[in-house]
Amino acid sequence: MNASDFGHTEVVQFMLNTGADPNVHNNDGDTALIKACEDGFDAAARSLLQGGAQVNAAGEDGWTALITAVHFGHIQTTRMLVAAEAAVDQMDDAGMTALMHLCTYEHTNDFELLRILLKGKADPGCLSPSGDRPLHVASTNMHDEATRMLLNADASPDARGSEGLTPLMIAAKNGFESITSLLISKGALVDAVAGEHAGGQQATKGGDGSLAAGFEGGGVGGVVGGGVVGSTALMIAARFGQLRVARQLLDGGASLEAAGADGKTAMQIARDAGHTAVAAEIQRARKERAEERRQERRQEKRARRGSTTKRAFR
């Protein structure tokens, strides 16, 4: 086991050749393969796999070698494990798959890791016990490229998270313009309504608190406390004063007349919250749409008159 910890490939190979069990667990419950993958010791990990190590064996907190490699950002190790048919959607004790770990923790080369997992048929819509999916986590953490790749892998832009929120609602609350643009371009429903809170928490590992920050408190959205149940993305943007996102949603055809559970429209919500710029933007959209309707009615009248005139001369 210690040889795997320090990447001593020759020692690992010698021990395997002399009959050492490659699947033995240490006092923490981890296998030699998991320890090798923790530090990206690819040669040692390869020797262990060739020597009969179980690629999907779980260790401490249910972490597999793949989850460990992804969590610590080791690209080549991840590629090797996927090629060895590691179970890409296996969950740890907290209900997190390797893909969920990747979307929660940011690595310098995480886009390549994401490509490897998605190419290995990882489920882009996998559901954690908290009720959240990779797209919710990517949207919450403003990972633009991860969001794009998940959408291109057919992750649903309208999937509900732990608080009944869609990724678009999360982006609207946080003012993430690029995420909003991506979701709308993929057909996200701009007038979907936030549902009831489903709750749920996730366990952590590593002690840095980043996973807890993403999931504790009832889900990645973290906005139900702001009174958004029954709200659309535009209402949420209005409540939190996200002017540019509100403009994007309006340009995407968001309803001006929809009312939340309290009976208030986005305009009223913006005014009550003191977000005068957002209220003014909604009023601008209202006038523009009213003018568009007038122009359409004029064109319809002209078309009817032209039709009547043609019949009169027949």
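This is a predicted model: local features need pLDDT of at least 70, side-chain atom pairs count only at pLDDT 80 or more; totals for chains, interfaces and linings use all residues.
**Exercise 1.** Work out whether S231 is buried or exposed, and find what it touches.

*Solution.* Start with location: S231 lies in the loop between α13 (210–215) and α14 (233–239). Next, check accessibility: buried means under 20% relative accessible area. S231 comes in at 2%, so it counts as buried. Finally, look for contacts, skipping neighbours within four places in sequence: S231 meets M169, A192, V193, A194, I236 and R239.

**Exercise 2.** Find which residues of helix α4 are buried, and where they sit around the axis.

*Solution.* In α4 (residues 42–50), the buried ones are A44, A45, S47 and L48. They span an arc of only 160° around the axis, so they share the same side of α4. Now step just past the helix: G52 there has a positive phi of about 105°.

**Exercise 3.** Classify the aromatic pair W63 and F72.

*Solution.* The count is 1 aromatic pair. For W63 and F72, the centres are 6.5 Å apart and the planes make an angle of 55°, giving a tilted pair.

**Exercise 4.** Find which ring the charged end of K173 sits over.

*Solution.* Go to F240: the charged end of K173 sits over its ring, 5.7 Å from the centre.

Definitions and conventions: Residues are numbered from 1 along each chain as its sequence is written. Side-chain values use heavy atoms; hydrogens and water are left out. Helices (H or I, at least four residues) and strands (E, at least two) are DSSP runs, numbered from the N terminus. Buried means under 20% relative accessible area, exposed over 50%, partly exposed in between (1.4 Å probe, protein chains only). Contact means heavy atoms within 4.5 Å. The arc is that of the directions from the helix axis to the C-beta atoms. Rings of Phe, Tyr and Trp (its six-membered ring) pair if their centres lie within 6.5 Å; planes under 30 degrees apart count as stacked, over 60 as edge-to-face and the rest as tilted. A charge sits over a ring if NZ of Lys or CZ of Arg is within 6 Å of the ring centre and within 35 degrees of the ring normal.
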